[in-house]
Amino acid sequence: MNDMTPTREQREAKLEGMGCKRKRVEDIRFTQGKGNYVDDLKLPGMLHGDFVRSPHAHARVKSINSEEALKVPGVLAVITAETLKTVNLAWMPTLAGDVQMVLADGKVLFQNQEVAFVVATDRYAADDGINKVVVEYEPLPVVIDPFKAMDADAPVLREDLAGKTSGAHGPRKHHNHVFEWTIGDKDLTDAAFNKAEVKIKEMISYHRTHPSPLETCQCVCSFDKIRGELSIWGTFQAPHVIRTVVALIAKIPEHKIHVISPDIGGGFGNKVGAYPGYICAAVASIVTGKPVKWVEDRIENLTATSFARDYHMTTEIAATKEGKVTGLRVHVLADHGAFDACADPSKWPAGFFNIVTGSYDFPTAHVAVDGIYTNKAPGGVAYRCSFRVTEAAYCIERGMDILAQKLGMDPAELRLKNFIKPEQFPYHSALGWEYDSGDYHTAMKKMMESVDYAGLRKEQAAQRAAFKRGETREIMGLGVSFFTEIVGAGPSKNCDILGIAMFDSCEIRMHPTGAGIARVGSKSQGQGHETTWAQIIATEIGIPADDIMVEEGNTDTAPYGLGTYGSRSTPVAGAAIAMAARKIKAKAQMIAAYKLEVHEGDLEWDIDGFRVKGLPEKTMSMKDICWAAYNSVPPGMEPGLEAVSYYDPPNMTYPFGAYICVMNIDVDTGVYRIRRFYALDDCGTRINPMIIEGQVHGGLTEAFAIAMGQEIRYDDEGNVVTGSFMDFFMPTAVETPHWETDFTVTPSPHHPIGAKGVGESPNVGGVPAFSNAVNDAFSFLGSTHIQMPHDYWRNWRTAKELGVFA
Amino acid sequence: MIPGPFSYHRPASVADAVKLLSKLGDEARPLAGGHSLVPMMKLRLATPEHLVDLHGIAGLKGIRRDGNKIVIGAMTTQHELLASDVIKTSLPILHETALLIADPQVRYRGTLGGNVANGDPGNDMPALMLVLGAVYRLEGPGGGRDIAASEFYQGAYFTALEPGEILTSISIPAVAAAHGYAYEKLKRKVGDYATAAAAVVLTMAGGKVATCAIGLTNLHETPLLATDAANAVIGTSLDAATLKKAAAAAVAIMSPAADARGPVEYRKHVGGIMVTRALQRAAARAS
């Protein structure tokens, strides 16, 4: 070997494989404004569609008159429910087993509901047309408060369900009831409460909010009448699912539907489901024979396409005097709005809410969820969340703090006392999950040491004393949160969408010169898949990440995948990528053995190729094997070097983390100051630490927004009062706190590379940390639970109610 | 979020602008920075048939001293106010306030004239104009006239501007070199209007307040001059009891609307706190 021979470290570094802080390759185009989004697409003759929307939350539609609209220059068509009925598309199925109006059919059920679709030669003409459509409404009484939806005399919202005593998820007990979902052992849990030494009970609400990605929902539909083919470019987090849905409801053969998700500007769950805009644009294209673009504006996005949360959780915990939890009982009132348009796996109407036992060893638990209809926008999507895990984490993390307060125990100490112990994994929870791995005590203790938890508590005691002496008007709160997530949906034994198992997929093709392309069934919306997927392959097969092109989002070329949401990409698609790469490597080993004239078993892997055991100079690099795959494979072997893997995960993965928020609140104004936020995440094997850090920063910023002010709020008449970024709290860099990140690594035992997923953890764990900090700050003045969001005026109101100004 | 059709005009002189606005009548709106008007047009809450863009008129921009006054052209942007040494040294409260208006992108485009002439109770500059005793120069079909800022505001979006009139400049009398000032603004985030804000300009003599003016933003349908509150502090050393009295006097004239920033009671409460804090900070700055 001479001096020019690269060292092992240099060869390793050249790969930029797993564990490397590789810079995001997609940012080269994003930072230069060269991304390719749906609204960048301009096809010849393309038309534009836009909606006439309802000003009322509940009203009968007496008539729709399009006469004047059709006179507006450029307006070509006005589509209504009557038009859609001719193609049997006035209603569409939702992913939750409900049906939803595409356009108002006889009545409207929420403000800004889609009433008519105006198609015009440009966007201006379409909007001019909208203003000329005359709709006659007869207002009806509204149901806004979820707690009044099931009153005996509550107005009937869903007339289409009249007489239907059961829905997709079992019996309905009221005309505004969607489903009841229960899990756990009720008798055992009731017994635990009957003999409990200490109990808490609190109604904990997680208010309605919205994923609000910067790019709204949009599509371009183009129907080719000659070929009978429909092409759809859209902001789809799950393009293959959209293709199948279109095939099922539009009766177009699936091979003649081309769904393409180009670059997407954030999804956060908002872009999983199907919306009326997609159907209307497709129908408009079929009718006119021209491409039709539909682009939602911000107000439409916030008020019509899929909200998140709106879970009202009556939470009870039973415990011993010493603080050992003995039972958990939760009843949830789930407000789904006008239609149940959750995007949960089919059998899970309340998502994975049964992760609500959290990180704690509850011997028994019982959960009942009642879904209800109200006159609000439909949905209940998983906003940066693996299907109601955010709600569950908030419920249990607030609950544990409330219990600690009741016991007079420190909330961190209470958690340490009740954690599932490392030796209990795999752990079977009282509500049916098998937690794959975890080391909660280590993570919690690392967090407490890193921030000097004991010191912070001392400082808080001093601050409280000073407040009581009248020396300061600031109070101080510590918000501890220790969450366990359940992500990576999911194993075919319990997860499907429309009957399709929730596997994911990867196809790798290596080219003769040692570069290759990987096509994956997931779809990045900013997560950085083009960067991280190549890193997995680089480590697995020893080809530099820079030489692997990652492609997603085109249903004609990508293998069938279930898309990206619920932190499922790394647990499921990431596993498929590793498995496909291992198939490549296995074939490569056979080729190398043939070329090196040894037995396969005599070869060992060495960073970027194979070498003969005991003969380190006798090697064949993966790059050379790629070349050989196209000219000199062993006799009987097919040439080429390609592999496909469809991965059905054996279990979910269970990322966890320990967060703490240190906050001061000025009681005179309610203004809060986030002094410190420390987030320790354990997502198992870390593929790209820089991207993980970015994900954590983004998710924490969303958590901060949700806990401290972001909400979709309705007035008593059903008008949305937070329908723009003026009032829907979207923090800028100025308001966003500084984030400290940290980690432990507990690899998943069943995942090929031990990775667990991280994208949603900070949103899941962050919200309770902020809320617990506010609650902790006020607790010494006598409060037990304060509902979110904790914006300035509500903090002031709390202070006032606690007698601070007396 | 798509505006209706309109015609666009770009006159080159004040006379032409006035002529156009008079001729086109109610269906025409002058366009300055556009940060209030254009969003309203995109929501079709405003549907003017004609926009008369004032950007083509030379002479509507700039900051100059005129004897004992500082004259600011109506089309001077917030960014230009921030970049001006004259403002920084002679009217530092304008500098402090401009920094609290939205973000740099908005400040590059938004103008002082648009801010004060629109009559939006949420705008920050009108309260300052009251406190500083500013005079607005208006040009209209009948010629020019001067009007005190204190006479200008009549209601939310209603001002003393007559049809065809435009604001061309703002004159602000010099403030004593040793004055103290503060603009206290409580807002939910960058870009938001004030939940409550108070502007204070005062002078001190022998440890006591000699002169004082207090202005209030977004606590009524027009900006307010809190005269009773200001009188309550003159001759005092701003002791706790006086501050409480002044805040109460200011709160007494507030009538904000309830909105997502909070209920009426909260907005008045924090309005009083903004007055207290602005007084304390201004006094600390006075020499």
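Counted by contact, 25 residues of chain A meet 26 residues of chain B, where contact means heavy atoms within 4.5 Å.

This is a predicted model, in which local features need pLDDT of at least 70 and side-chain atom pairs count only at pLDDT 80 or more, while totals for chains, interfaces and linings use all residues. Residues are numbered from 1 along each chain as its sequence is written, chains are lettered from A and ligands numbered from 1 in the order in which they are written, and side-chain values use heavy atoms, with hydrogens and water left out.

Chain A contains an open sheet of 4 strands in the order β23-β33-β34-β35, with mixed pairing. Helices (H or I, at least four residues) and strands (E, at least two) are DSSP runs, numbered from the N terminus, and two strands pair if DSSP finds at least two bridges between them. The edge strands of this sheet are β23 and β35 (740-743) of chain A, each of which pairs on one side only. From one strand to the next the twist averages 15 degrees; axes are lines fitted to C-alpha atoms, for helices over the stretch in contact, and angles run from 0 to 180 degrees between N-to-C directions. Strand β23(A) runs antiparallel to β33 (residues 656-666) of chain A, and 11 bridges join them. A:Val480 faces A:Ile660 in β33(A), standing opposite it. Helix α12 (residues 440-451) of chain A lies across β23, β33, β34 (672-682) and β35 of chain A, and runs at about 145 degrees to β34(A).

Another open sheet of 4 strands in chain A has the order β28-β27-β26-β32, again with mixed pairing. Its edges are held by β28 (548-552) and β32 (642-647) of chain A, each with a single partner strand, so one side of each is left without a neighbour in the sheet. The twist here averages 15 degrees from one strand to the next. Strands β26 (residues 504-510) and β27 (residues 516-520) of chain A pair in the antiparallel sense over 5 bridges, with A:Arg509 opposite A:Ile517 in β27(A). Helix α14 (residues 529-541) of chain A lies across β26, β27 and β28 of chain A, at about 130 degrees to β28(A). Helix α15 (residues 569-596) of chain A also packs on the sheet, touching β26, β27 and β32 of chain A, and its direction makes about 145 degrees with that of β32(A).

The structure holds 4 cavities of 30 Å³ or more. On a 1 Å grid over the protein atoms alone, a cavity is a set of points where a 1.4 Å probe fits but cannot get out, and lining residues have an atom within 4 Å of a point. Grid points are joined across faces, edges and corners, and a volume is the space filled by probe spheres set on the points. The largest cavity has about 180 Å³ of space. It is lined by 17 residues, of which A:Gly709, A:Asp727, A:Phe729, A:Asp791 and B:Arg188 lie nearest its centre. That lining divides into 8 nonpolar, 2 polar and 7 charged residues; Ala, Val, Leu, Ile, Met, Phe, Trp, Tyr, Cys and Pro count as nonpolar, Asp, Glu, Lys and Arg as charged, and the others, Gly among them, as polar.

The second largest cavity has about 40 Å³ of space. Its lining includes A:Ile355, A:Gly358, A:Phe482 and A:Phe483. The elements giving two or more residues to this lining are α10 (389-407) and β23 (474-484) of chain A, and α10(A) gives the most, with 5 residues. By class, the lining has 7 nonpolar, 2 polar and 1 charged residues.

Some backbone details remain. A cis peptide bond joins A:Phe425 and A:Pro426, with omega about -5 degrees, and A:Pro426 is in the loop between α11 (411-418) and β21 (427-428) of chain A. The peptide bond from A:Met788 to A:Pro789 is also cis, with omega near -10 degrees; A:Pro789 lies in the loop between α18 (761-779) and α19 (792-801) of chain A.

Technical notes
On a 1 Å grid over the protein atoms alone, a cavity is a set of points where a 1.4 Å probe fits but cannot get out, and a pocket is an open set with protein on both sides within 12 Å along at least five of seven lines; lining residues have an atom within 4 Å of a point.
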